[in-house]
Amino acid sequence: MARKERSAPRRGAFQGEDRRTLIAGNWKMNLTHLEAIGLVQKLAFSVPEAVLDTAEVVVLPPFTALRSVQTLVTGDKLPVGYGAQDLSVHDSGAYTGEVSGGMLAALACQYVTVGHSERRAMHHEDDAVVAAKAQAALRHGIVPIVCVGEGLDVRRAGEHVAFCTSQLDASLEGLTAEQIGGGGPDGAPIVIAYEPVWAIGTGEVATPEDAQEVCGALRARLAERFGPETAASVRILYGGSVKAASTAGILAGPDIDGALVGGASLDADEFAQICRIAADGS
Ligand SMILES: O=C[C@H](O)COP(=O)(O)O
């Protein structure tokens, strides 16, 4: 199946790749380290190698499972990336319960989500904290996956585009075009995830048109602020009740470069199917 045409120009500075499709599984607060090992092993069997030529597959386990996942992935040379779901704005010190970017980097984490709506809502993380966490990730050579998304009231009021672009602005406050377009390891750009809150864990996936409308607006906003080349290099993911059945439609959007998958990433067969569809471009 042919790959879709992208709306933005190719860049090619990032490890010779250009917005390679990224499927990231956010396990949230699920799975012990032993269960995590089981899921990664199952994934290694379920995701065909050919998929990984086209798509990047990443899992985001809880902190307690990161060491086990690292050992498995590096020991068995599994072609699966991994990262964390959060990090501290601080690098070290008396911050009980916090985990620093340096600690994650020591476990060779490649990615970390910042600004997930669950942390914004339940842990009162505002845009300034999100921007500080993105900076902390980049300081330690980890690519932040910066999440934005509107609630149902905003969507019903028809203000979702303005809300998400302004949340993006504030969540990237203080970051430079160099950081956005190449501040990660080996010049990797940051990643943005559009996750409408009303679609998270509800089974109510956004329509492909809804998802593309916001992701397109986010890319346009990046272009305004940081220049078209930087905007074209950033991968924008959609998240919110993504399942195998909805993957092809969502990923058809020219500004949608992958998916941040929650519940479905805990099921190896379903997640592998999402990865297959994403890689196939169908
Ligand atoms: O980070 C993932 C999102 O919150 C989506 O979760 P979900 O796929 O369970 O709706």
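E195 counts as buried, because it has 20 or more other C-beta atoms within 10 Å of its own, the number being 29 C-beta neighbours. On this scale a residue with 12 or fewer is exposed and one in between is partly exposed, with C-beta atoms placed from the backbone. The model is a predicted one, in which local features need pLDDT of at least 70 and side-chain atom pairs count only at pLDDT 80 or more, while totals for chains, interfaces and linings use all residues. Residues are numbered from 1 along each chain as its sequence is written.

E195 is found in the loop between strand 6 and helix 10 (208–226). Helices (H or I, at least four residues) and strands (E, at least two) are DSSP runs, numbered from the N terminus. Not counting residues up to four places away in sequence, E195 touches S117, C147, G149, I200, G239, G240 and L260; contact requires C-beta atoms, placed from the backbone, within 7 Å.

UniProt, in an unreviewed entry, lists H116 and E195 under "active site". These two residues are spread over 80 residues of sequence, yet they cluster in space, with a largest C-alpha distance of 8.2 Å. The UniProt positions follow the numbering used here, feature names are shortened, and annotations may be inferred rather than shown by experiment. H116 lies in the loop between strand 4 and helix 5 (117–122).

The unreviewed UniProt entry also places a "binding site" at N26, W27, K28, G201, S241, G262 and G263. These positions span 238 residues in sequence, but no two of their C-alpha atoms are more than 13.6 Å apart, so they gather at one spot. S241 belongs to the loop between strand 7 (235–239) and helix 12 (244–251). Leaving aside neighbours within four places in sequence, S241 is in contact with A199, G201, T202, G203, E204 and V205. G263 is placed in the loop between strand 8 (258–261) and helix 13 (268–280).

| Residue | C-beta neighbours within 10 Å | Class |
|---|---|---|
| S241 | 20 | buried |
| G263 | 19 | partly exposed |

F45 is part of helix 1 (residues 33–46). The C-alpha atoms of F45 and A272 are separated by 9.2 Å, although these residues are 227 residues apart along the chain.

Around the ligand there are 14 residues, of which N26, I200, G239, G262 and G263 come nearest; a residue is near a molecule if its C-beta atom, placed from the backbone, lies within 6 Å of it. The shell around the ligand divides into five nonpolar, eight polar and one charged residue.

Eight strands close into a barrel in the order 1-2-3-4-5-6-7-8, with parallel pairing. The twist averages 25° from one strand to the next. Two strands pair if DSSP finds at least two bridges between them. Strand 5 (residues 143–148) and strand 6 (residues 191–194) run parallel and are joined by four bridges, and C147 stands opposite A193 in strand 6. Helix 6 (residues 127–139) packs on the sheet and touches strand 4 (111–114) and strand 5, its direction making about 165° with that of strand 5. Such angles run from 0 to 180 degrees between N-to-C directions, and the axes are lines fitted to C-alpha atoms, for helices over the stretch in contact.

Four bridges also join strand 6 to strand 7, which run parallel, and Y194 has Y238 in strand 7 as its bridge partner. From strand 6, V191 and A193 point one way and I192 and Y194 the other way, and all are buried.

Key:
Nonpolar A, V, L, I, M, F, W, Y, C, P; charged D, E, K, R; others polar. Contact = placed C-beta atoms within 7 Å.
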